[in-house]
Amino acid sequence: MNPRPTPLTRAELQRHPLPPPQAEDKNGRGRLLVVAGCTEVPGAALLCGEAAMRAGAGKLKIVTSTGAAAALGVSMPEARILGVPEARDGGIARSAIDGIRDAAGDVDAVVAGPGLAPGKTNWRLVAGLCDAGTNLVLDAELLRVLPDCGKLVAQSPEPILLPNLGELAALLGRGKEQVRKDPLAAGRECARRYNAVTVVKGARSHVVTPDGAAWLYDGGGPGLAISGSGDVLAGIVGGRRARGADALSAVLWGVWLHGEAGAALAARIGKLGFLARELAAEVPALLPD
């Protein structure tokens, strides 16, 4: 029988310490590639990238659609922006995937999926990222194609999956209501199937490892249920992963930091009405010294 999940508190996090900060140069602080955004949702790349740097990453590259690249470069001057063409269905053009794979092989971690369109090339993009052999954090639309290339993900080094209930249902080939009835059991099955540390996002978020160990975070409040909140979570997790944290530590800290940032904004602004773009600025003060 699987044990009940461990409450995810700051005290519990002391058992999963983060790597100490390194100040030699930006490369030593962790290099991250974010593959995110499309013409219709360009802001996802900005939310994810800023959160990653607020979480401590030192060097950031962002791959996004050509149409969004110029505006993103102005909005995020700290990042190198790589614009790639879109296919007719809004997904990343097939011709761009080899270049993205090469870029993924030159960083410490990759976050891919926030704001991407549901294009036919998404499974090829996941396959290319897996081929690069880097530390993967997969989110949003890229999760929905994993049933077609799940074996590749399972063979990657400590992959991380960040599904909401709908995406988790797609990962398991089940109905959303079935998953909603027992999200922890579904998370455990997903983690085992894809050999990935998995976050089941929701008002009460579960973190699950492939061996069935689980944690529960039920803080943060209802204000986190807003557009772009998941993009920020992905960035925080990716930033910690790039800094050298193992997959589980990156996820546990990412979930807690994201939730506590929401709690801080709720206390200062109100339980509802703060924006996803405001979450990242709360993260540095929550990080350990």
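What volume does the largest pocket have? About 710 Å³. A pocket here is an open set of points on a 1 Å grid over the protein atoms alone, where a 1.4 Å probe fits, with protein on both sides within 12 Å along at least five of seven lines; lining residues have an atom within 4 Å of a point.

Before you select anything: this is a predicted model, where local features need pLDDT of at least 70, side-chain atom pairs count only at pLDDT 80 or more, and totals for chains, interfaces and linings use all residues. Residues are numbered from 1 along each chain, and side-chain values use heavy atoms, without hydrogens or water.

Stop 1: Select Asn 164, Lys 201, Leu 224, Ser 229 and Gly 230. Of the 35 lining residues, these are the closest to the centre of the largest pocket. Now colour helix H10 (229–242). H10 gives the most to this lining, with four residues.

**Stop 2: the tryptophans.** Go to Trp 253 and Trp 256. They form an edge-to-face aromatic pair, 5.9 Å centre to centre with 80 degrees between the planes. Ring centres must lie within 6.5 Å to pair; planes under 30 degrees apart are stacked, over 60 edge-to-face, the rest tilted. Both residues are buried (under 20% relative accessible area; exposed is over 50%, partly exposed in between, with a 1.4 Å probe and protein chains only).

**Stop 3: two positive phi values.** Select Glu 158. Its phi is near 45 degrees, and its relative accessibility of 42% makes it partly exposed. Then pick Asn 195. Its phi is positive too, about 50 degrees, and Asn 195 is partly exposed at 38%.

Key
Rings of Phe, Tyr and Trp (its six-membered ring) pair if their centres lie within 6.5 Å; planes under 30 degrees apart count as stacked, over 60 as edge-to-face and the rest as tilted. Grid points are joined across faces, edges and corners, and a volume is the space filled by probe spheres set on the points. Helices (H or I, at least four residues) and strands (E, at least two) are DSSP runs, numbered from the N terminus.
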